[in-house]
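Please read the points with the structure open beside you.

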Amino acid sequence: MTARNGRSRPHPARAAALALGALVLVTAFLAAAFPRGVEAYETRGVRHALGSVPAGQRTVEITVSRTDMTGDDPAAACAAGELTRQDRAIRGQFRAPLRIAGGESQHGVRTTKPLSAQDAWLPRPDGVAPGLSLYAAAGLGAHATLAEGRLPHGAAPGKHTLEAAVTVATARTLALHVGGELHLEGLTVRISGLLTPRAPDSAYWSVDPLMAAARQDTTPGLPPHQFWRAGLLLSPQDGPALLSTGGEPEKFWRYPLDTRALTARDAPLLRDRLVSLEHGAALARLRAVAGGGALADSAVDGLLDAFVRTRTAVAPVIAVAAYGIGTVAGVVLLMTAGLTAARRHAELALLRARGASLAGLAGRLAAETGAVALPAAAAGAGLALLLVPGEGVLPSLLAAAGAGLLGTLALPLRAVVAHRRPRPVERADAAGARPSRRRTVAELTVLVLAVGAVLALRGRSTATGGVDALVSAAPVLIGVIAALVLMRLYPLPLRLAARPAARTAGLTGFLSLARAGRAPGTAGLPLLALVVALTTASFGGSVLAGVAAARDRAALTAVGAEARISAGKPLPEELRRAVAKVPGVMDAVPLRIDVQAADDNGPPLYLVIADAEAYSRLARATGLGAFAARDLADPGGDRPLPALVSPRFLTRFGHAPMALQPEFGQLVVRPKTVRADTPAQPGGDFVVIDAGSVARRHPDTYRDPATGPSTLLLSGRSLDTGALRSAVRAHAPASLSVRLALRSAVRAEFADSPLQQGAVRLYTAAVAAGAGFALLALFLSLLQSAPERTQLLARLRTMGLPRAQGRRLLVLEALPQALLAALGGALAGAATIRLLGPGMDLTALALPGTSGGGAPGSVVRLHTDPASLLLPSAGVVALALAVALAQAWLSGRRRESTELRAGDTR
């Protein structure tokens, strides 16, 4: 290419450059934000997994028992100074990410076996003496405030009288006071002060609750007897004195983990270091400091294992969204390059005819697009790093760089393929296009990959964990196959429809079909982008709908209705009338639930006694085992009462009459209706009978207030939970412990886990982005031919075409491709869900604390959601109509002379 020819081409139009830059910026932002978003919700998930448990479960505890203490002087090994020196040495062995909360750590000597207090004035619930544990722990003054008296002082060696402090709560329970003495087994303890913990929920106090408050315990023998357990807080210098007691003393060090800086990336390394500390090389180094018998224990490694299992089960589902949005974004970028190459075809052909080389042409186009795409990609990456929290930078930069390179090289590569050799200009109509052999081979290759991905996903399921590229791309591959099939079938309906339209008297029908058939061959790229985007959007929408439905079902199963009010004793009638008046409550059904021991030594039976009519309405309203009230009608006489039973009841006891013995008299029941669930006891072994039948058989005992209903199930819509709680508080006796369970509250708990919550949000964002790229693809395809359509309308108006027919012409021209994409996307989405549903396990994504792969009845599978299939497709058709009508309106406001300028070749 000569220098003169090289300068003959001006820079790309400003609007086109800005559009490319905006597209690359958005694509790069999404590409860079996705890995950071995944890392962010996984980090919140691991911190929640460790931070939501009691302090004792996230603490590393090191112990050395009395029998394992090495050395000639065990008393010296339990001295406060020696324990502090060992504490510093142990801390020095911890390396990130094993970080400890230094302010809450604790070390000292304690008794592991309670010592019986001999004082008769101490409370003894069942005549058993209280059991007291002794703690000679460091840091007592820093974690407690003196309420009375003073901190304990260390006793002289050999003395059998020690000083101890207790918390105010312990003193109140055991009637202790400053100056009082407790006589234990060979030891006297004088109370020197009363303390108030400064942070009762901190690890210092909550790891061993006996330090903070007394509690009741039971003896192991039969019959069990209750007795008090409490802790006495000694001076750290009294550790050696505990060696002479029978309390089996041990040295201990407690180190609560600091999870504030923990990330999901650190979780595997933290688990490895904890396992090494408990069983491996780190334990050997620990024993060199604390003693040969030192043992380390922590529940953190188990919590990390549960987190990793859940994350591994969620990852394949999220990978499906990532591949879907990535493919759609890539197709839109390629489509943009294809449209630009088609628009500049004449210019590029002229440059080739004048001697421009392919390398020179590609380099020139790469420089043009790179000047826009690369800065836009850098800006997108910067925005993602700035706006999306996360630790990892390299994955985000690589993803944004990939988007920038694709935006830079798509146009040069498309131009090189189109202009490999000079050829005469030919019209590449969609209706007249004939697929080449290369295209056929490529389509067959994609088909083979899609079949393999579907079979792999159905065979292994996402619950097995791990991200497989081929399996994760299965929805995309199915969408690509559907788009290729539609591209091959697209000319056929156009030809069939154009023939009868040619014989009609009207102009718009034939002209619109003819122009749709003369669409350029590049029209296949928008169709590909639309179908793939609609397939992934439908698939993703069905995933989100399945997650929501699973949580709703789990919440309903846990409660049995919109709300459940229960107590250990009968509920007052005033309470039932009050809650029935709460806004949103349709039915308040009282129940008597009696647990019956089974003769086959199996699980207990739940006998549910309720009014048949009201309970039938409740079952229909909740969808849990709907039945007809007449199925439980009283047969009269002494005949067995008809019962609604569970399948497991029928398996265990068959159809024969069965005698049950509730508290108000014997009942003989006979199974009549079988349902898998019932509101009173979803999924259990239940027997439901009519309350009227029971009242006829046992009128006196049934009407006794002592045998009244102890459960209320409420059905309705949009319950006023505040008014319901107020009604329960106002009408429940103070002596009655009433429990209120709300379906909405249980449903909220299922969505409270940061891991599942973040994954669902990310999946929602990916589905929304895919839908946005789909609409953008349609808009770009319509925008490409907008000047030509505008000029056609101007010419036709000069020939007398009314504006209404002009609008109809544009709408009919835009409809074929939009309808084809909408129909193909909906069908491809439905086929994808049907094919991949058996292999998609959504349990880990829907319900916290699960990792998928459970029993068949507990697995959340993917099912078709009609709204997710139809709404994206309807949006595509609506946008196509909106663009066509907007263009017709804008062209109608311009003069024909403006559109039909001499020499204009649009």
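**Notes on salt bridges, a strand and a helix pair**

1. Glu39 is buried, with a relative accessible area of 10% (buried means under 20%, exposed over 50%, partly exposed in between, with a 1.4 Å probe and protein chains only). Its side chain meets that of Arg265 in a salt bridge, 3.2 Å from N to O (a side-chain nitrogen of Lys or Arg within 4 Å of a carboxyl oxygen of Asp or Glu). Arg265 lies in the loop between strand E11 (249-256) and helix H8 (267-279) and Glu39 in helix H2, so the pair ties together parts 226 residues apart in sequence. Arg265 is exposed, at 53%.

2. A word on the basis. This is a predicted model, in which local features need pLDDT of at least 70 and side-chain atom pairs count only at pLDDT 80 or more, while totals for chains, interfaces and linings use all residues. Residues are numbered from 1 along each chain as its sequence is written, and side-chain values use heavy atoms, leaving out hydrogens and water. Helices (H or I, at least four residues) and strands (E, at least two) are DSSP runs, numbered from the N terminus.

3. Helix H2 also carries Glu42. Arg311 forms a salt bridge with Glu42, with the closest N and O atoms 3.7 Å apart. Arg311 sits in helix H10 (residues 300-343) and Glu42 in helix H2, so this pair ties together parts 269 residues apart in sequence. Arg311 counts as buried at 17%. Glu42 is buried too, at 13%.

4. How many salt bridges does the structure hold? There are 23. Arg553 and Asp677 form one of them, at 2.9 Å from N to O. Arg553 is in helix H19 (residues 524-559) and Asp677 in the loop between strands E18 (667-674) and E19 (686-690), 124 residues apart. Arg553 is partly exposed, at 39%, whereas Asp677 is buried, at 17%. Glu61, Arg110, Asp208, Glu250 and Arg254 are linked in a salt-bridge network.

5. Strand E8 (residues 187-197) is mostly covered, with nine of its eleven residues buried. Strand E6 (residues 161-167) runs parallel to E8, joined by seven bridges (strands pair if DSSP finds at least two bridges between them). Ala164 stands opposite Ile191 in E8. Strand E5 (residues 144-149) runs antiparallel to E8, with five bridges. E7 and E8 form a hairpin with two residues between them, and Gly186 in the turn has a positive phi of about 75°.
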